[in-house]
Each structure stands twice: as structure tokens, then as C-alpha cells.
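Please examine the structure shown below before reading the report. The text may then be followed with the structure in view.

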Amino acid sequence: MAAMSGLTVEIADKTFPASDGAPERALYRDFRLEVADRSFVALLGPSGLGKTTLLNIVAGVDKDFRGKVAFTSEKPRIGYAFQSPRLLPWRTVLDNVLLALPKGREHVERARAVLGEMGLGDAERVFPERLSLGMQRRVALARAFALEPDLLLMDEPFVSLDEQTAEKLRDLLADLIQRRPTTVLFVTHDSREAVRLADRVVVLAGPPVRIERDVRVELTPEKRREAGDVERVRDHVVRVAG
Ligand SMILES: Nc1ncnc2c1ncn2[C@@H]1O[C@H](COP(=O)(O)OP(=O)(O)OP(=O)(O)O)[C@@H](O)[C@H]1O
């Protein structure tokens, strides 16, 4: 059976000290979030609130806080798709995906297969600078997915793309997750995107960050493609958020 990958994050205190003339920032105080195994949770909140910081804490990248992160499985594999694609310019597309994986023939095959699913089969040997931002984001998504993560952290992965490309990538993500269920923690500013993808939208406010509302999205994959249905739930998320 696949590893369980739910989690609970408790942050008693996360404060960035004053530096370079910027004042101290107390981002989190007595914050708690539980994420069920194989749920898709969107974190919605204004810019600068501390959403990236939360993902960094969950990923173990930021250990400078008081509190704890507990996973329901031992050592879950965590995939992290950052806000910018963060590809190494001197490595090909395939090598950028392989960076996340252990060495071995089967991993090369897996990386190729995921690139194929992303429509990037022909771009394997290309260097990132030759790719559009949309394609670079697909490579970053492929890198996170090739790892077959138990938990996928995504930080506004579709921001600053044109709407058509963003919509294609949302479809692709929904598709991949349907085929290989994964727990997802997805940061966004975009309430429509949150409803379109997530089965739970957690609306954050603050500082310090608190959960303003916690909204379940019970839409079928088909209804998520219908603007009217998405808009109805979104009205609720935005109303309760406002
Ligand atoms: N290393 C750091 N040192 C000091 N302050 C920081 C550091 N990292 C982030 N901050 C500050 O903490 C606050 C929260 O940052 P964070 O990136 O987590 O917010 P966010 O909600 O993800 O915002 P955005 O949506 O704009 O990315 C911001 O005011 C930011 O300037």
C-alpha cells in the first residue's frame, strides 16, 4: 500500500527578526492546520501573509520556528514546486527532472514518461532558456511529479502565465492527481483557481496568520470545468473570506 501522507503543522511562534531597516515580523502565533491524507488543500490569502513560509516549514526548509510538523507516515517523500520554476540553466530538461531522483535506469524511464505526459517528450534535450515560461513550469511540475511524492507542495505554480496556459496546466495537474492520488498543499491568491482544483479551501487572514474560513469543495471533476459551478462555490469562499 502507498504511504499515508497526511500531516499536522503546529506553529507556536514564527517571527522574522528585524533586519536591514525592516521591522520584526511575527507571522505565526498558535497556528494549527491539519491536512488529511490524499486531500487537496488550497491555502488562500493575501500577498506577504506567510504562505510560502508555511510551505517552507512543512518542507523542512525552514526549521527556525517554535512548533512541530507531524506526518502520518514515516519520512514521506515531499515534492516542492516553487513559485519560480528554479531550473538549472546548464542542465537539459531531462537532467533537471533527474536531479530530484535517485540514480538508476528505471528513474530515467520514469522521468521520460512524466515528461511525455506533460507534452514535453520532444524537449528532453533542450536547455531551459529555450523554453517559454509555461514550458518551464511544466518541467518544474514534471520534476515534482517524477519523484512520486506522498505530499506535493505547490507555491503559486501557475502565477504570471496567460490564462489559457494556466488553464491547461490546471487540467494537467488535476489529471495527474486523479491517476496517482497525492496529498497536495497548494498556495494561491486566486480563489477561482482554488475552487477549480482543491477539495478544501483554507482562507487565511492575519497577521498573525489565522484560519478565517475552511470551505469544502464538493464538485466532481466535470463540474470543476464548468465556470458556473466554480463561480457558485467561489462566491461562497469570497463572501466568507470578506
Ligand atoms: N527570510 C526572511 N527574512 C525576513 N522576512 C522575511 C523572510 N522571508 C519572508 N519574510 C517576510 O515575511 C512575510 C511573509 O512572507 P511569505 O513569502 O511567506 O508570504 P506569502 O504569503 O507567501 O506572500 P506572497 O504571496 O507574496 O509570496 C513577508 O512580509 C516577507 O517579507
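The report below treats the domains, the packing of helices, the ligand shell and some backbone details.

## Model and domains

The structure described here is a predicted model. Its protein chain is divided into domain 1, which covers 13–76 + 150–241, and domain 2, which covers 87–148. Between the C-alpha centres of domain 1 and domain 2 there is a distance of 24 Å.

Where the domains meet, 11 residues of domain 1 are in contact with 9 residues of domain 2. On the side of domain 1 that touches domain 2, the greatest contribution comes from helix H5 (residues 163–179), which gives 5 residues. By class, that side of domain 1 consists of 8 nonpolar, 2 polar and 1 charged residues.

## Packing of H4 against H5

Two packed helices are described by the angle between their axes and the distance between the axes. For helix H4 (residues 133–146) and H5, the angle is about 15 degrees and the axes are 11 Å apart. Angles under 35 degrees count as roughly parallel, and H4 and H5 are therefore roughly parallel to each other. Their crossing is right-handed.

Which residues of H4 and H5 meet? From H4 they are Gly134, Arg137, Arg138, Leu141 and Phe145, and from H5 they are Thr165, Leu169, Leu173 and Leu176. The contact of H4 with H5 comprises 5 nonpolar, 2 polar and 2 charged residues.

## Packing of H3 against H4

Helix H4 also packs with helix H3 (residues 105–117): the two axes come within 9 Å and cross at roughly 135 degrees. This angle makes H3 oblique to H4. The crossing of H3 and H4 is right-handed.

On the H3 side, the contact is made by Arg110, Ala111, Val114 and Leu115, and on the H4 side by Ala142, Phe145 and Ala146. These residues divide into 6 nonpolar, no polar and 1 charged.

## The shell around the ligand

Which residues are found around the ligand? They are Phe16, Arg25, Leu27, Ser47, Gly48, Leu49, Gly50, Lys51, Thr52 and Thr53. Two elements give two or more residues to this shell, namely strand S2 (25–35) and helix H1 (51–59). H1 gives the most, with 3 residues.

In terms of residue class, the shell around the ligand has 3 nonpolar, 5 polar and 2 charged residues.

## Backbone details

Most residues other than glycine have a negative phi, and most peptide bonds are trans. Asp30 is not a glycine, yet it has a positive phi of about 50 degrees.

The peptide bond from Gly206 to Pro207 is cis, with omega near 0 degrees. The peptide bond from Pro207 to Pro208 is likewise cis, with omega near -15 degrees. Pro207 is found in the loop between strand S8 (200–205) and strand S9 (210–216), and Pro208 lies in the loop between S8 and S9 as well.

Note on methods
Residues numbered from 1 in each chain as written. Predicted model: local features only at pLDDT ≥ 70, side-chain atom pairs only at ≥ 80, totals over all residues. Near = placed C-beta within 6 Å. Helix = DSSP H or I, 4+ residues; strand = E, 2+ residues; numbered from the N terminus. Nonpolar A, V, L, I, M, F, W, Y, C, P; charged D, E, K, R; others polar. Domains from an automatic or database assignment. Contact = placed C-beta atoms within 7 Å. Axes fitted to C-alpha atoms, helices over the stretch in contact; angles between N-to-C directions. Parallel < 35°, antiparallel > 145°, perpendicular 65-115°, else oblique. Left-handed = near helix turned anticlockwise from the far one by under 90°.
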